[in-house]
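Work through the exercises below with the sequence and the model side by side. Each task is followed by a solution in steps.

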Amino acid sequence: LATSLALYRSRLPSALYFLSLYPLTDLLRGDHPKLNVAHPSRPASDLTTQNVQDYTLVFQWRLQLLLDFCRKTCGERRTTLGCTSWSQCTKSFNRLANILSRQWLPRTGPMHFMKQGIEQLSTMPDVCGVCRTAFSQDVNTAREEAWQNLPTIVGLPGWEDLELEVREHVI
């Protein structure tokens, strides 16, 4: 889909992120209902070797984000300076890691899943406000960093450079 656009490089990371939510076997079959419609806007369903390589890199990156979020961000979380309930907060972060580790699937999108982690923590009454706020800020920062790094996973420049290419192409 992204390669059929004139400015595909700027769209490619987002398209790969979305496509990486699907098993490769589904993509190779090319039988999605949107691909079976005879229409001029119908996207191409052919995958090149480069497409498969990029898909695989993003798929692996996405799964690593999920694992790192569960194991490191939540499971290895230390209480925040100013924590008012060290023991309870530590237990709650371990419980959160356990819950989240059992919830994700290969089709889980890490950006949304990380946001759900923040929401899940908000339902845990034993976490002090200091730790809750710090966790939310840290997760939102991690989400932003992950998204900013997405183009580089497939060897593209960062989003700013891609946006500059778009502006130069339009002018």
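**Exercise 1. Burial and surface**

What percentage of the 171 residues of the chain count as buried?

Solution. The model is predicted, so local features need pLDDT of at least 70, side-chain atom pairs count only at pLDDT 80 or more, and totals for chains, interfaces and linings use all residues. Residues are numbered from 1 along each chain as its sequence is written, and side-chain values use heavy atoms, with hydrogens and water left out.

Step 1. Set the classes: buried is under 20% relative accessible area, exposed is over 50%, and partly exposed is in between (1.4 Å probe, protein chains only).
Step 2. By this rule, 33% of the 171 residues are buried.
Step 3. The accessible surface of the chain (Shrake-Rupley method, 1.4 Å probe) is about 10,400 Å², and carbon and sulfur atoms hold 56% of that area.

**Exercise 2. Elements and overall spread**

Count the helices and strands, then judge the chain against the globule rule.

Solution. 
Step 1. Helices are DSSP runs of H or I with at least four residues, and strands are runs of E with at least two, both numbered from the N terminus.
Step 2. The chain has 7 helices and 0 strands.
Step 3. The chain is more spread out than a compact globule, because its radius of gyration is 20 Å, well over the 16 Å that the globule rule gives for 171 residues. The radius is taken over C-alpha atoms, and the rule is 2.2 Å times the number of residues to the power 0.38.
Step 4. Along the principal axes, the C-alpha atoms fill a box of roughly 60 × 35 × 25 Å.

**Exercise 3. Aromatic pairs**

Solution. 
Step 1. Rings of Phe, Tyr and Trp (its six-membered ring) pair if their centres lie within 6.5 Å; planes under 30 degrees apart are stacked, over 60 edge-to-face, and the rest tilted.
Step 2. The whole structure contains 8 aromatic pairs.
Step 3. Tyr17 is in helix H1 (residues 8-19) and Trp147 in helix H6 (residues 129-153), 130 residues apart. Tyr17 is buried at 12% relative accessible area, whereas Trp147 is partly exposed at 28%.
Step 4. Phe69 lies in helix H3 (residues 49-74) and Phe135 in helix H6, so parts 66 residues apart in sequence are tied together. Both Phe residues are buried.
Step 5. Ring pairs also join Tyr17, Trp61, Trp147 and Trp159 into a cluster.
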